[in-house]
Amino acid sequence: MKNTLLPSKRSAIDPFIVMDVMRAAREREEKGGNVLHLEVGQPGTPAPKIVLDAAAAALRQDKLGYTDAMGLPALRARIAAHYREKHNLDVAPERIAVTTGSSAGFVLAFLSAFDAGARVALTNPGYPCYRQVMKTLGMTPVAIQTRAEHNWMPTRDEMRAAGKDGLDGAILASPANPTGTMLSPQDLQMLIETVQGLGGLYISDEIYHGLTYGGQAHCALEFSDDVIVVNSFSKYYCMTGWRIGWMVLPENLVRPVERLIQNLYISAPTLSQYAAIAAFDAGEDLEKVKAVYRQNRDLLAAELPRAGLTKIVPATGAFYLYADIRDFSDDSYAFAKKMLHETGIAATPGLDFDPEFGHAYLRFSFAGKTDQIAEAARRLKDWLG
Ligand SMILES: Cc1ncc(COP(=O)(O)O)c(C=O)c1O
């Protein structure tokens, strides 16, 4: 007889290691140990005040029932206005779907555009959940091993090589996690055209838009309407736990995504949707938060080499530095564990982001407080020095 308590084969996916690291850090704190949090990929500050006020008003005024599956019309209209203001783009609100974070966005993208067996390119290193969710859905992730000397982004030839046995699509984030590197507008356009030339769908994860330290990031919609854009209020807008994001869809995927949302989660949290409408008007507060990240980045980028971690590509976006630790260890998992145990510094092993070479890298997040980062740099110099 079949043991009904056995987990399914499709659930046998790798853990999201950073969440395991976060748990180890919390356990250390619960035992009275102190932890410097350079592992978490989330802002250290709460949502801006006008967002909190909008949520408080919604609590008082609205019954907070379900919304349309695709989201509150006012939020979809506000997101469309954001594309006009930031990118000078006309995006019809009907093409916008409000999601429970970009996590739901990329799952909906995969479910609506690809069948089991679809071959979809992604990068190593890259955001681990793309690969893992694809596997769970019976898709075939096609990993492109990117290189530090190419800014951790795929070249045209690498994308073409990924398509040699056929390619149904590609998903890329710029700015990227875990490297903080970005595509130039020319390279973004080139990759979109290369993927489309191979007959595939380009999915652009723009969750770190807004968090750039040189020029503004370009949106994939500037180059094509036949792409999926995934975005979120989690990072720039400091709203990780509100679980709210959005996607922009090509016309032919609007109704399929609507049907999927109806069946999967009915609608995104209504309270968060009201709050998110206000988030676009919090620019001044959010730019102040970003100024702290910039300061943190400059500090960490100057101090890590002094601790002996010299091989790091400069981050122009997001809030991460991806450091080559080969001079000290070839096992980033053990190294991160030992570092947490002996110094109280939590960072994420590269293995999370790159199953092949991540054993030689560690991701440091600079989204936290400047004094914590300065203290981490000091302890790291003592520990490795
Ligand atoms: C590249 C990338 N995409 C998607 C996500 C998921 O974020 P959320 O679901 O909070 O929008 C993250 C979170 O760290 C990320 O780094």
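There are 22 aromatic pairs here, counting rings of Phe, Tyr and Trp (its six-membered ring) whose centres lie within 6.5 Å. Planes under 30 degrees apart count as stacked, over 60 as edge-to-face, and the rest as tilted.

A word on the basis. This is a predicted model, where local features need pLDDT of at least 70, side-chain atom pairs count only at pLDDT 80 or more, and totals for chains, interfaces and linings use all residues. Residues are numbered from 1 along each chain as its sequence is written, and side-chain values use heavy atoms, with hydrogens and water left out.

Take one pair. F106 and Y130 have ring centres 5.1 Å apart and planes at 90°, so they sit edge-to-face. F106 is in helix α4 (residues 101-113) and Y130 in helix α5 (residues 128-136), 24 residues apart. Helices are DSSP runs of H or I, at least four residues; strands are runs of E, at least two; both are numbered from the N terminus. F106 is buried at 2% relative accessibility, and Y130 is buried at 4%. Buried means under 20% relative accessible area, exposed over 50%, partly exposed in between, with a 1.4 Å probe and protein chains only.

Next pair. Y208 and Y320 have centres 5.7 Å apart and planes at 85°, so this pair is edge-to-face. Y208 is in the loop between β6 and β7, Y320 in strand β9 (residues 320-324), 112 residues apart. Both are buried. There is also a cluster: Y83, F233, Y236, Y237, W246 and F280 form one aromatic group.

Y208 brings us to the ligand. Which residues are closest to the ligand? They are S103, D205, Y208, S232 and S234, out of 13 that surround it, taking a heavy atom within 4 Å as the limit. Now the polar contacts, meaning N or O pairs within 3.5 Å. Ligand oxygen atoms lie 2.7 Å from a side-chain N or O atom of Y208, and 2.7 Å from one of S232. For S234, the distance is 2.6 Å. The protein covers 93% of the ligand's own 400 Å² of accessible area, by the Shrake-Rupley method with a 1.4 Å probe.

D205 takes us to strand β6. All 5 of its 5 residues, 201-205, are buried, so β6 is largely enclosed by the rest of the structure. L201, I203 and D205 point one way, Y202 and S204 the other.

Now its neighbours. Strands pair if DSSP finds at least two bridges between them. Strand β5 (residues 169-173) runs parallel to β6 over 5 bridges, with A173 opposite D205. On β7 (residues 227-232), also parallel, there are 4 bridges, and I203 stands opposite I228.

How values were computed:
A polar contact is a pair of N or O atoms within 3.5 Å; within protein, one must be able to donate a hydrogen and the other to accept it, and residues adjacent in sequence count only if both atoms are side-chain atoms.
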